[in-house]
Amino acid sequence: MHRVVVLALDGVIPFELSLASRLFGVATDPEFRPLYEVVTCSLDGKPVRTAADFGVTVERDASALAAADTVVIPASETFAEIVDREALPRRLAEALALIGPDTRIVGICLATYVLAAAGLLDGKAAATHWYHAARFQRLYPQVRLAADVLFVDAGRVLTSAGAASGIDLLLHLIRRDHGSAVATHVARRCVVPPQREGGQAQYVERPMPQSGDAGTSATRAWALDRLHEPLQLADLAAHAGMSRRTFTRRFRAEVGLSPGQWLTQQRVDLARQLLESSDLPVNRIAERVGFGTGATLRHHLHAAIGVSPGAYRRTFQTSTPDVTRS
């Protein structure tokens with residue numbers, strides 16, 4: 001069983017601390033057997049002060065990190081004080097050194113500061129809370145900060161933006177490990193969206209739009225019903241009643257992606273669902289999702305998740321497809 005170890009540090013934010021046990025804890029196989037074991041540790045096995053008016057008692061110390069398959073570091077209110085490698089507390093640095101070279105590491109929100117100070121993000125892409133993005137980039141220029149996304153999967157090390165985007169990241173990991181069906185089941189159990197659109201640009205504080213400003217949500221819903229069609233920017237803008245420039249600007253402000261990037265993401269997601277739940281040929285799936293040809297689908301799927309349609313289907317297809325050939 002995959003072992004997830006959560007490292008709780010003084011000042012930990014309770015919401016972020018609870019995410020791993022809640023989401024991984026309800027992930028099961030078709031026979032309802034748990035897919036993950038989740039344990040929590042502190043540096044010394046002693047109670048941890050949280051950012052709220054209560055503490056948390058744990059049963060393990062940092063030695064638990066050595067046996068982890070995935071390590072999750074929730075945000076602490078103290079992490080923004082880690083401004084360089086010298087500011088990383090010695091005991092925390094020693095704990096991080098216990099993590100195996102093949103162990104997956106997840107930093108939620110301000111935990112990006114910890115990973116950056118430890119050198120685990122050098123040359124890698126990462127996410128952090130939008131409020132801290134500019135300061136983080138000044139402090140850690142060696143990290144390629146993606147300031148407008150909900151999370152970044154850089155392979156071994158993964159990072160999320162604000163608190164709720166930790167949910168998005170952990171669901172992404174479950175999806176990567178066990179496919180969309182399991183991740184969707186977990187999301188439903190926890191009453192959260194299986195996959196949110198766009199990035200954190202939609203949550204950045206900005207002045208309220210003037211009366212009469214229209215959003216792009218209706219056009220996104222319209223497009224989702226027509227992914228099989230060759231949708232162009234002009235089609236989307238015309239549906240929204242905007243010029244292409246205005247539509248692109250408002251779309252990016254709301255979603256955090258360009259219209260083209262968003263369409264590709266939605267088509268890849270639908271293709272993954274069909275690969276898991278049907279036995280449709282790859283070329284037929286490519287037509288259904290709007291990629292046109294199997295070669296185009298292979299290109300976009302490999303760019304998104306690093307595998308071919310055939311490999312993805314062999315890994316994640318359910319034993320009894322819901323959709324048959326047509």
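Leaving aside its neighbours within four places in sequence, H172 touches F151, D153 and L158, where contact means heavy atoms within 4.5 Å. The structure described here is a predicted model, in which local features need pLDDT of at least 70, side-chain atom pairs count only at pLDDT 80 or more, and totals for chains, interfaces and linings use all residues. Residues are numbered from 1 along each chain as its sequence is written, and side-chain values use heavy atoms, with hydrogens and water left out.

H172 belongs to helix α5, which covers residues 165–178. Helices (H or I, at least four residues) and strands (E, at least two) are DSSP runs, numbered from the N terminus. The relative accessibility of H172 is 16%, so the residue counts as buried; the classes are buried for under 20% relative accessible area, exposed for over 50%, and partly exposed in between, with a 1.4 Å probe and protein chains only. One of the contacts of H172 is polar: its side chain meets the side chain of D153 at 2.8 Å. A polar contact is a pair of N or O atoms within 3.5 Å; within protein, one must be able to donate a hydrogen and the other to accept it, and residues adjacent in sequence count only if both atoms are side-chain atoms.

The helix that carries H172 lies across β2, β6 (104–107), β9 and β10, and runs at about 145 degrees to β10. Axes are lines fitted to C-alpha atoms, for helices over the stretch in contact, and angles run from 0 to 180 degrees between N-to-C directions. These strands are part of an open sheet of six strands with mixed pairing, in the order β2-β1-β5-β6-β10-β9. The edges are formed by β2 (36–41) and β9 (151–153), each of which pairs on one side only. Two strands are taken to pair if DSSP finds at least two bridges between them. Neighbouring strands of the sheet are turned against each other by 15 degrees on average, direction ignored.

C109 is placed in the loop between β6 and α3 (111–117). Its phi is near 60 degrees, a positive value in a residue other than glycine. C109 counts as buried because its relative accessibility is 7%. F32, in the loop between α1 (14–25) and β2, likewise has a positive phi, of about 65 degrees, although it is not a glycine. With a relative accessibility of 66%, F32 counts as exposed. D148 lies in the loop between β8 (144–145) and β9 and is partly exposed, with a relative accessible area of 32%. D148 and A127 are 21 residues apart in sequence, and their C-alpha atoms are 8.0 Å apart in space.

A disulfide is defined as a pair of cysteine sulfur atoms within 2.5 Å, and by this rule the count is zero. The cysteine sulfur closest to that of C109 is in C190, at 19 Å, which is too far for a bond. C190 is itself buried, at 18% relative accessibility.

The C-alpha trace spans about 60 × 50 × 35 Å along its principal axes. Of the 326 residues, 46% count as buried. Among contacts between residues at least 6 apart in sequence, 66% join residues at least 24 apart.
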